[in-house]
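Subject: Structure handover

Hello,

Here is the structure for you to look over. My notes come after it.

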Amino acid sequence: NGPIALIPTLKNRIAQNYPGTRLSVMEYNFGGGQDISGGVAQADVLGIFAREGVFSAALWRFADQGAQSFTYGAFDVYLNYDGAGSRVGDVSVLSSTTDNAKSSVYAMVKSGDASTVYVVAINKTAAPLSANVLLKHSSALSTATAYQLTSASMKPAAAGQANLAGNQLHYVMPAYSVSTIILR
């Protein structure tokens with residue numbers, strides 16, 4: 001009668017019965033890699049794995065690599081968002097959305113450098129979604145640059161600047177999209 005809490009349940013069982021054991025997810029694939037929906041699903045699960053502290057995960061590749069193109073684009077959102085090898089941070093920070101059915105948001109910083117905040121924002125709907133983000137950060141952030149994975153491209157593409165004023169970010173996410181927003 002509610003969401004399946006698979007990862008938290010497994011983590012609790014590990015803590016009770018096998019303390020210190022790390023959680024891995026092996027041979028998963030949501031399919032749909034030839035469509036933006038597969039990229040949205042993959043980006044969301046990568047954010048969930050990071051947020052939940054999953055130690056490792058292995059994508060099961062299909063024989064037809066072209067069928068995975070948006071799936072690989074979702075990996076690029078985190079590991080190569082600008083096409084030049086830039087990666088998001090490796091330390092997850094608290095972030096939330098007001099509507100988990102329509103959107104997801106994951107925020108992170110790099111170890112030893114909290115001057116840049118990376119936000120991965122996901123729109124799971126067929127219409128653009130406005131996002132108003134309240135930032136609680138110790139440093140003054142003044143610029144917000146966005147990259148987007150959309151149905152128009154199987155790789156993230158530069159999407160210009162996002163509107164950042166004070167400690168608030170206003171951003172319109174395209175339909176069925178994954179956006180990496182870099183706040184400096």
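Below is what I found, starting with the ground rules.

This is a predicted model: local features need pLDDT of at least 70, side-chain atom pairs count only at pLDDT 80 or more, and totals for chains, interfaces and linings use all residues. Residues are numbered from 1 along each chain as its sequence is written, and side-chain values use heavy atoms, with hydrogens and water left out.

The sheet

Six strands make an open sheet in the order 3-4-5-11-7-8, with antiparallel pairing. Strands (E, at least two residues) and helices (H or I, at least four) are DSSP runs, numbered from the N terminus. Two strands count as paired if DSSP finds at least two bridges between them. Strand 3 (91-93) and strand 8 (153-161) are at the edges. Each has a single partner strand, so one side of each lacks a neighbour in the sheet. From one strand to the next, the twist averages 25°. For angles, axes are lines fitted to C-alpha atoms, for helices over the stretch in contact; values run from 0 to 180 degrees between N-to-C directions.

Two helices pack on this sheet. Helix 2 (residues 36-51) touches strand 3, strand 4 (103-110), strand 5 (113-123), strand 7 and strand 11. Its direction makes about 50° with that of strand 4. Helix 3 (residues 69-79) touches strand 4, strand 5, strand 7, strand 8 and strand 11. Its direction makes about 40° with that of strand 8. Contact here means heavy atoms within 4.5 Å.

Strands 7 and 11

Strand 7 (residues 144-150) and strand 11 (residues 177-183) run antiparallel and are joined by six bridges. Ala-144 stands opposite Leu-183. Leu-149 has Val-178 as its bridge partner. On strand 11, Val-178 also faces Ile-122. Seven bridges join strand 5 to strand 11, again antiparallel.

Strand 7 also pairs with strand 8, through four antiparallel bridges. Gln-148 stands opposite Ala-157 there. A hairpin of two residues joins strand 7 to strand 8.

Seven of the seven residues of strand 7 are buried. Buried means under 20% relative accessible area, exposed over 50%, partly exposed in between (1.4 Å probe, protein chains only). Seven of the seven residues of strand 11 are buried too, so strand 11 is largely enclosed by the rest of the structure.

In a regular strand the side chains alternate between the two faces of the sheet. In strand 7, Ala-144, Ala-146, Gln-148 and Thr-150 point one way, and Thr-145, Tyr-147 and Leu-149 the other. In strand 11, Ser-177, Ser-179, Ile-181 and Leu-183 point one way, and Val-178, Thr-180 and Ile-182 the other.

Thr-143

Thr-143 is in the loop between strand 6 (129-134) and strand 7. Thr-143 counts as partly exposed because its relative accessibility is 35%. Leaving aside residues up to four places away in sequence, Thr-143 touches Gln-161, Leu-164, Ile-182, Leu-183 and Arg-184. Thr-116 is 27 residues from Thr-143 in sequence and 9.8 Å away in space, C-alpha to C-alpha.

A surface patch

Leu-6 lies in helix 1 (residues 6-17). Leu-6 is exposed, at 54% relative accessible area. With Ile-4 and Leu-10, Leu-6 forms a nonpolar patch on the surface, about 330 Å² of accessible area together.

Regards

Note on methods. Patches are made of residues with over 30% relative accessible area and no salt bridge: like charges are joined within 9 Å, nonpolar side chains (Val, Leu, Ile, Met, Phe, Trp, Tyr) within 5 Å. Accessible areas come from the Shrake-Rupley method with a 1.4 Å probe; for residues, only the protein chains shown count as cover. A salt bridge is a side-chain nitrogen of Lys or Arg within 4 Å of a carboxyl oxygen of Asp or Glu.
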